[in-house]
Amino acid sequence: MPSFMTEEEAIAVIEKNIDKIEARMASGTQASSSQANANNAGGGTSPCDGTCDEFGLCCNCCVC
Amino acid sequence: MLNHFVFEESDGLVNLTTKKFLPKGSTEEQLRENFFLEGQEQDSVDHFLFGKKKTNFSIDIIPTWECNLRCGHCFVLHELLKNDKREIDNDMLVGFVQRLVAEYPSINNGTVQFIGGEPALRAEKNVGLIRAMKQIPGLRIRFSAASNGTLCDDKAVEFFSALDSFIISLDGPEYIHNLQRKSITGDGNPFKTTINTIEKLVAAGMRDKITVQASLNEEHMTKQNLVEFYKVLLMCGVRFEKIIPGFVCPTKHNPKLDAEFIEVHRVNARNKPCCKYRHMVNFVVDNSNHVFCDYFEANGKNLLGKLTDPISKMAENHERIIRESFSVLNDPKCKQCPVIGLCWGWCANTKGLNPSDHCDQELLLDKARKNAEKDNLANLMRDSRKHDLTKN
């Protein structure tokens, strides 16, 4: 079992950010293609850090 | 008289299509040169789509169509091969980039994404290509990849280490992941294999490079599943903000449209066309050493040419493909739309829809007007740094 963080610590992080998880669920946001994902990972300006004002609404596409 | 792409702010005018700003008091000549005048709508669109000034490029590299998984929701399931002996010629690819930069000298940075197939199956070859591309003078290139994370031998680790960042696909908790993601041999536990890889990469100091993407269907997208998913990944060392769950997208073999998705997203500003329609900016190179403009259909229909073909010939081919297949250029209502530059057809492009049948122009237009009133159009055009929105 992974051990970077304890289960209790992980749950604490989740509880603190549960609104972001719920927003993601509610948005209908689709997972991107591999292509788009890779672009996002490399882009450096990806909105996917959860701090963008359109988090949860973004289509997670390669535009960003 | 100004054309209907132009919006007025307190200190100047903004052409939403070209992203160009001109100060108030600009002469008619300046307005004409920048396609602000009535009757210059088509020129605005053409200038934005096909202008020579480019600052960056993006290449999706498909080193192999082999994959060791067969996932039900895969976009390119129909393209995957059991054995694929073809190889990208690294020298040809480096030569292509050098000629591209020579043709468009304003390019100073690029992104290269390894996708596939499973790119880690060609780890050693990929590392060689990264090293070669880093030698190209005057360019800053970021390297990334999308991987299923099932390979973590020394060569794969070296490949991941050579990247600036990468995506690992993990589709929720163990039972869901293994339901969607099957090994090609039908045995093993893909979830545990990928988790082991993530742990190994985190231990090797790559924590900040890792993003984990999940594709879940509506049935599995529950709070309970997501909490379990986040918990396992956090314990592995993946950062919270780098865990990205999303819904499974329509594919060729399961093309159901997500009406809710279109409903939610139609009023968000989208400043650039889908990557296929970014003229001579986005490329897909596969291991037949051909260049395409579309990953999902990397075939003759979207072929720009061979890696060794003249750049000018590829540019001609790309412009033809865009003019023939870009939905907004073939929808009469879109061509007259004042906010085409904030839309570009959205997901209608990839879903075979007629854009104007699924849009609510007034909502986006209202958003543009309100932002103009607040001198906030630059912010609405979030990627304006990449364009020519400069307040002189």
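**Helix α13 and the sheet of chain B**

A: One place to start is the set of buried residues of α13(B): what covers them includes β1 (6-9) and α14 (377-380) of chain B. Bear in mind that this is a predicted model.

Q: Which residues of α13(B) are buried?

A: L364(B), A368(B) and N371(B) are the buried residues of α13(B). They lie on the same side of α13(B), because they cover an arc of only 65° around the axis.

Q: How far does α13(B) reach from its first C-alpha to its last?

A: The helix, residues 361-373 of chain B, has 13 residues and reaches 18 Å, close to the 18 Å expected at 1.5 Å a residue.

Q: And what follows α13(B)?

A: D375(B) follows α13(B), and its phi is positive, near 55°.

Q: Switching to the sheet. What's the strand order in chain B?

A: The order is β11-β10-β8-β7-β6-β4-β12-β13-β14 in chain B. These 9 strands form an open sheet, and the pairing is mixed.

Q: Which strands stand at the edges?

A: β11 (243-247) and β14 (303-306) of chain B do. Each has a single partner strand, so one side of each is left without a neighbour in the sheet.

Q: How much are neighbouring strands of this sheet turned against each other?

A: By 20° on average, direction ignored.

Q: What does helix α8 of chain B touch on the sheet?

A: Helix α8 (residues 223-236) of chain B packs on the sheet and touches β10 (210-216) and β11 of chain B. The direction of α8 makes about 150° with that of β11(B).

Q: Back to β6(B). Is it mostly covered or exposed?

A: Strand β6 (residues 109-114) of chain B is mostly covered, with 5 of its 6 residues buried.

Q: In what sense does β6(B) pair with β4 of chain B, and over how many bridges?

A: Strand β4 (residues 56-62) of chain B pairs with β6(B) in the parallel sense, over 6 bridges. One residue pair to look at: N56(B) has N109(B) as its bridge partner in β6(B).

Q: And how does β6(B) pair with β7 of chain B?

A: In the parallel sense too, over 6 bridges, with β7 covering residues 140-147 of chain B. In β7(B), R140(B) is the bridge partner of N109(B). The chain crosses from β6(B) to β7(B) through helix α4 (residues 123-134) of chain B, and this β-α-β crossover is right-handed.

Q: How many helices and strands are there in chain B?

A: Chain B has 14 helices and 14 strands. Of its 392 residues, 46% count as buried. Among contacts in chain B with a separation of 6 or more, 68% come from residues 24 or more positions apart.

Q: What about the secondary structure of chain A?

A: Chain A comes to 3 helices and 0 strands, in the pattern α-α-α along the sequence. Buried residues make up 47% of its 64 residues.

Definitions and conventions:
Residues numbered from 1 in each chain as written. Chains lettered and ligands numbered in written order. Predicted model: local features only at pLDDT ≥ 70, side-chain atom pairs only at ≥ 80, totals over all residues. Buried ≥ 20, exposed ≤ 12 C-beta atoms within 10 Å, placed from the backbone. Helix = DSSP H or I, 4+ residues; strand = E, 2+ residues; numbered from the N terminus. Pairing = 2+ DSSP bridges. Right-handed = clockwise from strand over helix to strand, strands pointing away. Axes fitted to C-alpha atoms, helices over the stretch in contact; angles between N-to-C directions. Contact = placed C-beta atoms within 7 Å. Expected span 1.5 Å × (residues − 1). Arc of directions from axis to C-beta.
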